Amino acid sequence: MATKTLDAPLETQLWIGGKKTKSSTGKAFPVTNPATGEVIAKVAEGGAQDVDLAVKAALRAAEGPWGKMSPRQRARVLFNVAARVRDAAEELAQLETKNTGKTLADSRDEAAGVADTLEYYAGAVSKYFGETIPVGNPGLEFTLRQPVGVCALIVPWNYPMTITTWKLAPALACGNTVVIKPASWTPLSALRLAELCAEGGVPEGVVNVVAGPGGVVGEGLASHPLVRKISFTGETGTGARITKAAADSIKRVSLELGGKSPNIVFDDADLDLCVEKSIGSVFGNAGQDCCARSRAIVHHKIYDKFLADITARTKKMVVGDPLSKGTEMGPMISLKQRDSVRGHVELGQKEGARLTCGAEALPSGLPKAGAYIRPAVFADAKPKMKVVQEEIFGPVLCVLPFKTEEEAVALANDSPYGLSGSLWTRDVGRALRVAKAVQTGNMSVNSSTSVYLEAPFGGFKTSGLGRELGMKAMDLYSEVKSVFISEA
Ligand code: NDP
């Protein structure tokens, strides 16, 4: 089945103060479907003036009805938005697949996840509160949780609606107002989510969306004196730039950044399960996943078998039209990103790693302008090779052997990143020892999933600052106020 084409590209505007708003630049940029290369939208490009307008609209909203709403009313609004998202789930899924190239099955899961996230944080509103504290003087000492103020949410292109909601839902639950800066490749679902928020009863100005270049809109938000909090997901280098821009006005900054996650396989692992799950954990979303388990660290006794099995399974992966049933991997986000991955594969070969399969740019029968690539496996990778150290952000797995548990942990930790990881063993003691020793914010044992809506998510080392998801995310979007009332 070929990807459906649109009659004419969508024309979108900015979303400021609860309505579609023309951009001050008068410019629009094209957004393409990476499966076909077709332009699917012309998106109004925001500039510095629009950032200022959106931040001021958000500040007014914080001081208006939203700030005065009772927590229970705020929760009700979030439940309403979740219901709107459920009604629009198929539309959101189709939009996300056309904009990102991810499979429709994945987009459907993500649209349901957006509603789940809104519901979780709607429920969290009434379960997040301060405490009473015994102190030295007679009286009552207690803490309150108060909103931070205007929050800027800067989002990448790999999970646009999911990551937007991971930030938006707790920010709103805590009573803040927001300006969302979507990635330029994928602004469409955030613009639609803003409309759904308004339909669900979120007052005007509480949610604003300004699309436009990161260096203008993103930096503009990071340095704007009225923005109190930046929540950023993206590359580690961009995170560092944002932190510097935010420093002068002492903004709260939380960062979810890159990763090069280990997948440690011991010789007592259930190998069939491990291979099947490892495929998803490194090639899911075409490898464009900050948690991708892109370094398989495998016990030397089962190294040859693991390599043969994972190579065979990788060769069978169905790469194709993301709207077609049965497709396991769609295109990458863009030809530029695809070519960057091919560049890494050539580099790996020059460094001496052995390609056992993959990296062909265009599986047969697919549109030439589609950003397709077959998933690739490198054997005999060495720890200091660039393909092992650098985040490729595409479907490339490096396989390395180890002999002892200590060596496996040392290899896993030999990375500037520390986001996620898996380990496979039936030995409970070893599972616990290794899970504790690996320097990452998330670890899964005999599973490739360590991201759950209800559990904290974030990185050690250069993978980030702060924890999203679960109740921990509420800490990112609230200030603690300590109040003492004297008995005297
Ligand atoms: P980027 O850092 O390039 O961009 C992320 C967002 O930041 C985009 O909206 C981008 O805008 C904006 N931006 C770019 N430059 C600036 C700037 N100077 N100031 C403010 N904002 C800016 O990351 P990618 O979009 O390429 O996303 C991929 C990266 O994200 C990978 O490294 C991946 O590991 C990481 N990631 C981390 C996750 C985590 O939870 N740890 C989850 C998902 C991704 P524009 O698009 O206009 O350039």
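A backbone N or O atom of Leu-257 lies 2.6 Å from a nitrogen atom of the ligand, a polar contact being a pair of N or O atoms within 3.5 Å. Taken alone the ligand exposes 900 Å², of which the protein buries 90% (accessible areas by the Shrake-Rupley method with a 1.4 Å probe).

The model is predicted, so that local features need pLDDT of at least 70 and side-chain atom pairs pLDDT 80 or more, while totals for chains, interfaces and linings use all residues. Residues are numbered from 1 along each chain as its sequence is written, and side-chain values use heavy atoms, without hydrogens and water.

## The surrounding shell

The ligand is surrounded by 30 residues, each with a heavy atom within 4 Å of it, and the closest are Val-155, Ser-184, Thr-238, Leu-257 and Glu-391.

## Position between domains

Domain 1 (10–257 + 464–483) and domain 2 (262–452) both contribute residues to this shell, so the ligand lies between them; the domain bounds come from an automatic or database domain assignment.

Terms used: Polar contact = N/O pair within 3.5 Å; in protein donor to acceptor, adjacent residues only side chain to side chain.
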